[in-house]
Amino acid sequence: MAIAEWRRQLSLGKVSARELTQEKLSRIKDLDQTLHSFLEVTSDRALADADRIDEARAAGQELPPLAGIPFAIKDNLCTRGIKTTCASRMLADFLPPYESTVSQRLWNSGAVLLGKTNLDEFAMGSSTETSAFGSTLNPWNIKKVPGGSSGGSAAAVASGQCMAALGSDTGGSIRQPASFCGVVGLKPTYGRVSRWGLIAFASSLDQVGPFTSSVSDAAEVLQVIAGSDPKDSTCLNIPVPNYSDSLNDSISGLRIGLIKECFDQEGLSKSVKDSVLEAANCLETLGAELTEVSCPRFNDGIATYYVIAPSEASANLARYDGVKYGYRSEASEDLAIMTARSRAEGFGSEVQRRILIGTYALSAGYVDAYYRKAQQVRTLIRRDFEAAFTKVDILLTPTAPTTAFSAGAHADDPLSMYLSDLLTIPANLAGIPAISLPCGFDQTGLPIGLQLIGNVLDEQRLLRVAYQYEKAVNVMGSSPSGEFIP
Amino acid sequence: MSSTTDTAWEAVIGLETHVQLGTNSKIFTNASTAFGDEPNTHIDPIVCGLPGTLPVLNQKVLEYAVKAAMALNLTIAQHSKFDRKQYFYPDLPKNYQISQFDEPIAEEGWIEIEVVEKGQETYLKKIGIERLHMEEDAGKLVHAGSDRLAGSKYSLVDYNRAGVALAEIVSKPDLRTGREAAEYASEIRRIMRYLGVSDGNMQEGSLRCDVNISVRPSSEAPFGTKVEIKNMNSFSAIQKACEYEIGRQIKAYEAGEAVIQETRLWDESKQLTKSMRSKEGSSDYRYFPDPDLGPIEITEKIKENWRNQLPELPSAKRHRFSKELGLSAYDARVLTDELNMAEYFEAAVEAGADAKSASNWITGDLSAYVNSKRLSFSDLCFQPAGLAEMINLINKGKISGKIAKDILPELLLSGASPKKIVEEKGLGMISDPEEITKIIIQLLESYPKEVESFRSGKYKLQGFFVGQLMKQTGGKADPKLANKILAEKLKG
């Protein structure tokens, strides 16, 4: 059920917020033993919030846009008084005394929080396997990963445990799991959505966005969370357009560019390539003009990203020293040892690896060769996109080179896992919006994601193209099922 | 090795001055900057670097920093940004300090200092300023069982100071003596106080100076090995630390020893510097641009607006006071040391006081009063116009200087008009020649012996008669007139 339809039924009194919340909570109870999408389920609060919505409706009050929508939030977004762990031992007991701007905006719009979802530790990973509290499984096939780092949010939406969820996307952490789990995932323009309360991984790349089961729902959620915030200086002070109004407008004559470099990838699976090209053809039949464009530096994105993101992370994660909050190693004889042990015991190996990479890349003697060079390449990648957007309106690529991979597949080779973000990273480096939406299945029945990339702040057009495609194809007529999913 | 006498040793000194900008809230958050309160009462999630929090630049801090930079004749940068300076220390909540590395808010400036030293001619010197940048202050550690982190049983951390805005001002190595260094620092303080951007209180740490100092055998020789000195909390400590260090380094070189690059601490009780840590392998702070803060942008209009708000600065005031008002360099310097005092003086002159007299009263009796009561000139209820009125009463012969001094305590307490007090108490000077003549005649009649002695040559006795006269008139007789008439009458 789409958010708009739910709103209609709720206003007609056909269903109550409590009923919907209870339905989702019982689904969580049934499924999440297996899937482990949630790190914490906030049932009491959810029911209390739902009751408030029902009371307001009964009292004839006008309901806010997301009234009664059962939501999940990635556990790197701070929720006041609700544990926010980043799936790390370091923050296992962290209770934020403040609310993230995005969750506050959800409350304000009537959403009902069901709980906090699993992620790769500190959002570092592409499989949700680096979580200190256990992996999340892919609802389409529990032998597969849900993607990451926002794997919990993607799996929760895909399995119907919630209607929508928030994730964060630093190099593809919304889009890649959306692709793996067959849901819609949107990474907005950098600065469109406030980062206040988002526990930083790489501050110049992190952006919060929605997971939903349809494009129109993504537009509804973005509408609520987007907009300037005095608490975040990188948040843009630019009016937010209406994202839903123009979804039905024709895409006839719109120029869509297929990024040549993406389709030439060695690691691109055939079923993904075929499915995405088929989606492109579908858009053509809807009146869009397809062209091939080149972004020569596109494939340098991954190397660039794995210098910049760890560099920023190495500073962002320096604060976890066992002094003020978070995990502290006991029985250390002095301060330096306490800090070192707290970090060695509190952080998992992927987090430690990235802190080490970042520390190295910023060190005297290496900073020019790594960090500064990476910044220069980042500029070139951004220019590639700028040039491409003089020729086309929207860019089209697969979201990930493959469908969901098996759990443990990259355990011994972190670099091979990094490659799964190859196609999503460039949009983060350029700060431009991108969406992943389902466009088919591979021969094993795993969903394939189509990525559409828009120009800066062009979410309206991006959502419109995605919506028109979704309407034409209706891929999501099918949803995950299996022995454990009723 | 040559001896001290034929080697013209020269010291090369540069100062790094940290000025706490006196905004009510911290540089990146609304937490209060109040000093001296209970530990950890002026903190919030941003100050403590809690996960998910973000810094937002306090625009007042930017205004203060830019105004300070303008007053130091620095060029305001077209492009400026914040960087993260990374090091682990528990007084630094995020384990990085938000500072400015390669694009400070302002560069390339200078100030003029006036160097006054006992027994030497006062001279003016222009001191170059390399840069001014903004950064956040760290918290404070209190160690138990040791004065350092090392060796302490435990340490407590107070984040009240963490996040207080600092302007770091780096001079060029243009200073040559301890006196110059102290004078430079005090001129920086004076300027900051004139601007109202800092209280410059060294005891509370609002103004902190680190000295970089080396010596070389002549003014042409390359710079020697630089030593950093910290922990001086007065201008005289800066001067003495420099002088001690210059002596120590010269002695080392003359003994054929090397001076090592290190940080030394000034020990106020022992009046010497001692080694704190060696700085051979300089720390790697892994600076990079802070992605949480965008580029710093200031429109030309705002800049112009701020520039127009700058007050007349101490050196300009000094020049004007001596050139236009005819004050001595010394008086000009004393009067301009504090803006409130300078403004009081100017208001008195404006109200018609003669500059020299106003200067004497202000730097003398009024200053003594202000200092003893721990007041500022702006707190005085005795207004500059009142001072001007009093000075004019003296200069016009309406009251004597002595009467003025007598009524001053009352004026300072009540702020009343001197004229009114004089009238009420009948303290006006007797300047009617007839009245004075009458009194003198009476006086001479009551001391016939003394009159005789005078007339037979004991002229010193005139003083005795003056004294008697003043006694009788309660000090109100116009001294000039009285002397003149007395002299006439005594002659007989």
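Colleague: In this predicted model, how many bridges join strand E3 of chain B to E4(B), and do the two run parallel or antiparallel?

Modeller: Strand E3, residues 83-86 of chain B, is joined to E4(B) by 4 bridges, and the two run antiparallel. For one position in this pairing, look at B:Asp83, which lies opposite B:Ser99 in E4(B).

Colleague: What is the strand order of the sheet in chain B?

Modeller: The order is E4-E3-E14, an open sheet of 3 strands with antiparallel pairing. Strand E4 (96-99) and strand E14 (288-289) of chain B are at the edges; each has a single partner strand, so one side of each lacks a neighbour in the sheet.

Colleague: How should I read the size of the interface between chain A and chain B?

Modeller: Interface size is often expressed as the accessible area lost when the parts come together. Here chain A and chain B bury about 2,600 Å² between them, with 61% of it on carbon and sulfur atoms. Chain A brings 38 residues to the contact and chain B brings 29 residues.

Colleague: Which residues form the salt bridge between the chains?

Modeller: The rule finds 1 salt bridge across this interface. It links A:Arg195 to B:Asp292, whose closest N and O atoms are 3.0 Å apart.

Colleague: Which helices of chain A supply the side that touches chain B?

Modeller: Helix H10 (301-316), helix H11 (335-346) and helix H12 (349-362) of chain A each supply at least two residues. H10(A) gives the most, with 5 residues. By class, that side of chain A comprises 19 nonpolar, 11 polar and 8 charged residues.

Conventions: Residues are numbered from 1 along each chain as its sequence is written. Chains are lettered from A and ligands numbered from 1 in the order in which they are written. This is a predicted model: local features need pLDDT of at least 70, side-chain atom pairs count only at pLDDT 80 or more; totals for chains, interfaces and linings use all residues. Side-chain values use heavy atoms; hydrogens and water are left out. Contact means heavy atoms within 4.5 Å. Buried area is the accessible area (1.4 Å probe) that two parts lose on being put together, summed over both. A salt bridge is a side-chain nitrogen of Lys or Arg within 4 Å of a carboxyl oxygen of Asp or Glu. Ala, Val, Leu, Ile, Met, Phe, Trp, Tyr, Cys and Pro count as nonpolar, Asp, Glu, Lys and Arg as charged, and the others, Gly among them, as polar. Two strands pair if DSSP finds at least two bridges between them.
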